[in-house]
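Please examine the model displayed below before reading further.

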2 protein chains.
Amino acid sequence: MANEWATFGADLHLELRGPRLRAGLMDALREAVRSGRLEAGTRLPSSRSLAADLGMARNTVADAYAELVAEGWLTARQGSGTRVARRAEPRRDGPRRTDPRRDGARPAGRPAGSPSLALPRPSTPAHNLKAGTPDLASFPRTEWLKAYRKALTAAPNEAFGYGDPRGRIELRTVLAEYLARARGVHARPERIVVCAGFMHGLMLLGQVLRSRGVRDVAIESYGLGLHAGLLTGAGLGTPVLPFDERGTRVEELSAPGKSGRSGESREPRESGGLGSVGAVLMTAAHQFPLGGALPPDRRAAVVDWARTSGGFVLEDDYDGEFRYDRQPVGALQGLDPERVVYFGTASKSLAPGLRLAWMVLPESLVGEVVAAKGAVDWVCGGPDQLAFAEFLGSGAYDRHVRAMRLRYRRRRDQLVAAVAAHSPDTRVSGIAAGLHAVLALPPGTEQDVLRAAAWNGLAVQGVNQFRRPAVPATLDGLVVGYATPPDSAWQGALQALCRVLP
Amino acid sequence: MANEWATFGADLHLELRGPRLRAGLMDALREAVRSGRLEAGTRLPSSRSLAADLGMARNTVADAYAELVAEGWLTARQGSGTRVARRAEPRRDGPRRTDPRRDGARPAGRPAGSPSLALPRPSTPAHNLKAGTPDLASFPRTEWLKAYRKALTAAPNEAFGYGDPRGRIELRTVLAEYLARARGVHARPERIVVCAGFMHGLMLLGQVLRSRGVRDVAIESYGLGLHAGLLTGAGLGTPVLPFDERGTRVEELSAPGKSGRSGESREPRESGGLGSVGAVLMTAAHQFPLGGALPPDRRAAVVDWARTSGGFVLEDDYDGEFRYDRQPVGALQGLDPERVVYFGTASKSLAPGLRLAWMVLPESLVGEVVAAKGAVDWVCGGPDQLAFAEFLGSGAYDRHVRAMRLRYRRRRDQLVAAVAAHSPDTRVSGIAAGLHAVLALPPGTEQDVLRAAAWNGLAVQGVNQFRRPAVPATLDGLVVGYATPPDSAWQGALQALCRVLP
């Protein structure tokens, strides 16, 4: 489909050959356009993001784009990015592209025929192990529908109107009970604000912090660029906390020098040092993507920093329900509800498509966050919130989480066993939790493995795709989202993964 | 309930007496707090908004607030607004407040007993004729549930995942067909972007226009302050187009002087003149709130301006489905789909609680709007979009709109007849359309009528609550949302309205 978004560099399935990277990139892009694999109108990743994906210098990519624009293969327009030019439309009478699903058995590194015939199309890889999505085939349709019907039938009329910006009281009441029980969160309904996903909540917090005069929100060395971008979009700097083998070095927040990574950054928006940090965004229970849990002394240290400095910890508890080797550690928020903002979501435990998430706020922030949310008056729909309240209150949510915990744990065990059998040099790092694992690769091999994966129709990402620009590359690894495929595709995806490991 | 939002000044049901306005306001507020009618923690309207509601100078209100804070009745905290102080909590052992619903028959202007006993509580007025909400009791629960069940059962798994920022293709496809048929919109699915309400769409457009270098978006003389605030929040100026008895004077956009109202504005954010206007936000089919339809020559003129200047018309078609005296005039967008951005919504035709709206974009804007929406990845939920696609595609939406059209038309006829019978000096202005009517009042009477309405437990707004600060007060009138009450409350609300008319 034209205008399809090729968001991640890996989706392009390019293979760069030879020493002259730029020429190689241009050849690969030309070939992808000529063959029709990249259709007219398709938007390419930004040069920065493609460079990061490919491990190349940004200028190399930017130069290649510029030359291809000059040659008429691509077009570049202010604000609309770089796209495949219309005049580069492939002939439709040529040979059909091979169905990538029939190529699953082709060994890595030996592509058959020309790339234009053998490669899967962008955004429809044969196997998907990208992290971030639960098994959507396991969405409990019948149970959800039952909750929805019950909620819709019993709903007061005003539930169909413009809602309270805090969210429905029915939902906040059951959430408070659930979060206290399942995550050790100090939650009261009046401290909870429902939002349409973590990003929505983070945007609101960013606005509030900025309007309070906060300059910087510290972030972890590895994480989602979208989250950092949301903070910089709110006018906040995002200095990076360094990390070591025990996780994020939160003690740097209180260190006398407070230098952080910022001095080394070539990104002006990430600079600023740790001296003016007013909040820190953390995935304490299960670092995303590296997979560690913040050790107890550092949990205490970051909350201490917040108390001493008057700052806030923004706790992104995205997959706290899933821990396989023990009881989950409670939320950081339990240590100090007045200094930690807790963010939870149904996106991993149930489905991102419901757009349901929640914040538990310190009392001092409630008014401002509600005002920020109320001023722009879109919230989750009333019926959806009531359905989720019913789903949660009836125990259906607990049952679903328990069932998924067993399923994901089994998959993780199978992943660990398969990796041990096929690739003794590869180590599964991180705790037994969540929906993804990190396979630590031998130094310098990540790009090769990612390329082999692309050739095999396997969508998967490397840890360096989550590395903040200011952080030096010291790790090689794959971030494997083992929850992503449906059961029917899991074994095939696992086999594809094993084929590409060193 | 504590912490309840008293958003509109009229909700406070204050009556100011005597020449010393500030003292009178302070007395009224003290009495409201003492009696418990304003509970501890309740947030008061901003001084600016209360001043506008009461027709007072802003400083008068701000001074009264400040003195009451000093006296300990109120608290004021940066960012959290002015609230009723906790120590001002009323004694619970006092006499019970009278149920406002039993007060319906009390004649206007003769309040019985003390205000603290006789007045309804904030935000639970006995009668509600505020515009902006359809009859929520008529939400077609059974039909919606049927569509939801069918959609959920048939949904592909990926509908539960992170969605395409444009919205579900199933919904965009049926929307394109519907909008062409019902509103004369030139719509193709690839030009449609689903959003979580008009405000969400306007925010996205504001971001895109600002990043294109647009400085100002012109707005109508009367409208919702929230919409203007969204634009100024995006960094855009909002110069005001003047109006006359035929509606908004769009020809001023192309006039040599291009002075607009801006020179007269005391609001710096509304200034800027009409010289640097890059877009204009309009309710062309049914001006909100004044109720006129933009005449054909002005429809043509505003589109001509956009063509000539390279600007855009942002068409807020919030209630285009409802016209009672003839076939609705088609959308402005039909005149030039490349220069008009069409905004539609299910908030008036179905329910605001669904958070479903859509934009039809000129081709030149699609990429940028999708990028703005995709970068912050919250969209309407997949299941909801599929349910609405099913609801629309099955004809249930058309049936619902037809039924509501009959019902609202009957209510409007009853309103017109009742006003003619009870208040010959009051004229119903505007076209027979939508969910609200404007009752034009004799000059200088609007505030009196609003105060009488408050005493009668009738929530209703005056046209001056929608007047842009830069526009001189020349009209008096009531904006009557006749769709708001359920059937069971309609006759009572109508009677309450007639009691307070001159």
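In which sense do strand 15 and strand 16 of chain A pair, and over how many bridges? Strand 15 (residues 461–462) and strand 16 of chain A pair in the antiparallel sense, over two bridges; two strands pair if DSSP finds at least two bridges between them. Helices (H or I, at least four residues) and strands (E, at least two) are DSSP runs, numbered from the N terminus. The model is predicted, so local features need pLDDT of at least 70 and side-chain atom pairs count only at pLDDT 80 or more, while totals for chains, interfaces and linings use all residues; side-chain values use heavy atoms, with hydrogens and water left out. Residues are numbered from 1 along each chain as its sequence is written, and chains are lettered from A and ligands numbered from 1 in the order in which they are written.

Is strand 16 of chain A mostly covered or uncovered? Five of the five residues of this strand (residues 477–481) are buried, and the strand is mostly covered. Buried means under 20% relative accessible area, exposed over 50%, and partly exposed in between (1.4 Å probe, protein chains only). In a regular strand the side chains alternate between the two faces of the sheet. In strand 16 of chain A, both faces are covered: A:Gly477, A:Val479 and A:Gly481 are buried on one side, and A:Leu478 and A:Val480 on the other.

Another part of chain A holds an open sheet of six strands in the order 4-11-10-9-8-5, with mixed pairing. Its edge strands, strand 4 (192–195) and strand 5 (216–218) of chain A, each pair on one side only. From one strand to the next, the twist averages 20°. Strand 9 (residues 312–316) and strand 10 (residues 340–345) of chain A run parallel and are joined by four bridges. A:Glu315 stands opposite A:Tyr342 in strand 10 of chain A.

Chain A as a whole has 14 helices and 16 strands. Of its 502 residues, 60% are buried.

One residue leads towards the second chain. A:Thr133 lies in the loop between strand 3 (127–128) and helix 5 of chain A. Because its relative accessibility is 18%, A:Thr133 counts as buried. Residues up to four places away in sequence aside, A:Thr133 touches A:Pro352, A:Leu435, A:Ala483, A:Thr484 and B:Tyr162, where contact means heavy atoms within 4.5 Å.

How are the two chains related? A rotation of 180° with 0.2 Å of shift along its axis superposes chain B on chain A, with an RMSD of 0.3 Å; copies are superposed by least squares on the C-alpha atoms of residues with pLDDT of at least 70 in both. The two copies are therefore related as by a two-fold rotation axis. The same surface serves both copies, since 98% of the contact residues of chain B recur in chain A.

The axes of helix 5 (residues 141–154) of chain A and helix 5 (residues 141–154) of chain B come within 11 Å and cross at roughly 170°. Axes are lines fitted to C-alpha atoms, for helices over the stretch in contact, and angles run from 0 to 180 degrees between N-to-C directions. The two helices are therefore roughly antiparallel to each other, a term for angles over 145 degrees.

Definitions and conventions. Parallel < 35°, antiparallel > 145°, perpendicular 65-115°, else oblique.
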